[in-house]
Amino acid sequence: MRSEVLFIGGRSGVGKSTAALALHDLLVAADVRHAVIEGDLLDLAHPAPHVEHPDVHLAERNLATMWSGFRGLGHHRLVYTNTVSVLEHRRLAAAMGDDPLVTAVLLRADDRTTADRLASRAGGALPQAQLAHSTRTAGRLDAASPDTVTRVDTAGLTPAQVAAQLASITGWLPG
């Protein structure tokens with residue numbers, strides 16, 4: 001069976017991880033085999049491997065290893081979150097090694113919504129520099145993402161509502 005992957009990208013605070021976990025819950029409830037990988041953790045180190053050793057592509061190497069393990073257990077669907085995954089989805093899909101069917105979704109939200117979410121995550125005031133970085137990233141992602149990337153606005157939606165949209169886009173839920 002051919003692998004399928006959903007790449008979820010977007011700025012900090014847009015709800016990538018939260019949406020992926022809500023989608024996981026939907027898929028579990030429907031007994032749909034899948035795996036979830038937080039791409040940010042595949043090369044989280046200091047100094048940052050992608051900066052210090054950009055030619056090593058550690059995240060892709062780690063993705064290949066993890067996906068091979070999941071495939072060996074019979075999984076063929078992957079939910080993958082990472083800020084820039086929608087810009088790197090071809091390289092990431094190639095790292096999976098089994099020519100997956102790719103769906104890429106860019107989650108979007110306005111500055112106010114994102115600032116509220118980031119402040120809630122931080123447990124208090126949000127540094128302006130963090131919001132400014134998130135805003136710049138949002139603009140870059142929206143401008144650089146190809147037309148094949150589906151855009152979903154998350155402002156005003158619950159995680160379950162975003163997950164339902166993701167499930168609809170992938171067609172992974174039965175019926």
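A polar contact here is a pair of N or O atoms within 3.5 Å; within protein, one of them must be able to donate a hydrogen and the other to accept it, and residues adjacent in sequence count only if both atoms are side-chain atoms. This is a predicted model, where local features need pLDDT of at least 70 and side-chain atom pairs count only at pLDDT 80 or more, while totals for chains, interfaces and linings use all residues. Residues are numbered from 1 along each chain as its sequence is written, and side-chain values use heavy atoms, with hydrogens and water left out.

**View 1. Asp 40 and Asn 82 are joined through their side chains by a polar contact.**
The pair sits 2.7 Å apart. Asp 40 belongs to the loop between β2 and α2; helices (H or I, at least four residues) and strands (E, at least two) are DSSP runs, numbered from the N terminus. With contact meaning heavy atoms within 4.5 Å, and neighbours within four places in sequence left aside, Asp 40 touches Thr 81, Asn 82 and Thr 83. Asp 40 counts as partly exposed because its relative accessibility is 35%; buried means under 20% relative accessible area, exposed over 50%, and partly exposed in between (1.4 Å probe, protein chains only). Look along the chain to Phe 70, 30 residues from Asp 40, and the two C-alpha atoms are separated by 18 Å.

**View 2. Thr 83 sits in the loop between β3 and α4.**
Thr 83 counts as buried because its relative accessibility is 18%. So who surrounds Thr 83, leaving aside neighbours within four places in sequence? The contacts are Gly 9, Gly 10, Lys 16, Asp 40, Thr 137 and Leu 141.

A relative accessible area of 14% is why His 75 is classed as buried. Beyond the residues within four places in sequence, His 75 is in contact with Arg 33, His 34, Ala 35, Trp 67 and Phe 70.

**View 3. Helices α3 and α4 cross at roughly 45°.**
Their axes come within 8 Å, and α4 covers residues 89–96. That angle is why α3 is called oblique to α4. On the α3 side the contact is made by Glu 60, Leu 63, Ala 64 and Trp 67, and on the α4 side by Arg 91, Leu 92, Ala 95 and Met 96. The crossing is right-handed. For the geometry, axes are lines fitted to C-alpha atoms, for helices over the stretch in contact, and angles run from 0 to 180 degrees between N-to-C directions. Angles under 35 degrees count as roughly parallel, over 145 as roughly antiparallel, 65 to 115 as roughly perpendicular and the rest as oblique. A crossing is left-handed if the near helix is turned anticlockwise from the far one by less than a right angle, and right-handed if clockwise.

**View 4. Helices α1 (residues 16–29) and α7 (residues 159–170) pack at an angle of about 70°.**
The axes are 8 Å apart, and α1 and α7 are therefore roughly perpendicular. This crossing is right-handed. From α1 come Thr 18, Ala 19, Ala 22, Leu 23 and Leu 26, which meet a set of α7 residues including Pro 159, Val 162 and Leu 166.

**View 5. Helix α5 runs over residues 111–122.**
Its 12 residues reach 16 Å from first C-alpha to last, close to the 16 Å expected at 1.5 Å a residue; the expected span is 1.5 Å times one less than the number of residues. At the start of α5, a side-chain oxygen of Asp 110 comes to within 3.1 Å of the backbone nitrogen of Arg 112. The buried residues of α5 are Thr 113, Thr 114, Ala 115, Leu 118 and Ala 119, and what covers them includes α6 (128–144). Just after the helix, Gly 123 takes a positive phi of about 75°.

**View 6. Leu 101 lies in strand β4 (residues 101–108).**
Leu 101 counts as partly exposed because its relative accessibility is 44%. Not counting residues up to four places away in sequence, Leu 101 touches Arg 2, Ser 3, Glu 4 and Val 5. Glu 4 is 97 residues from Leu 101 in sequence, but their C-alpha atoms are 4.6 Å apart.

**View 7. A cis peptide bond joins His 46 and Pro 47.**
Omega is about -5°, and Pro 47 lies in the loop between β2 (35–38) and α2 (49–52).
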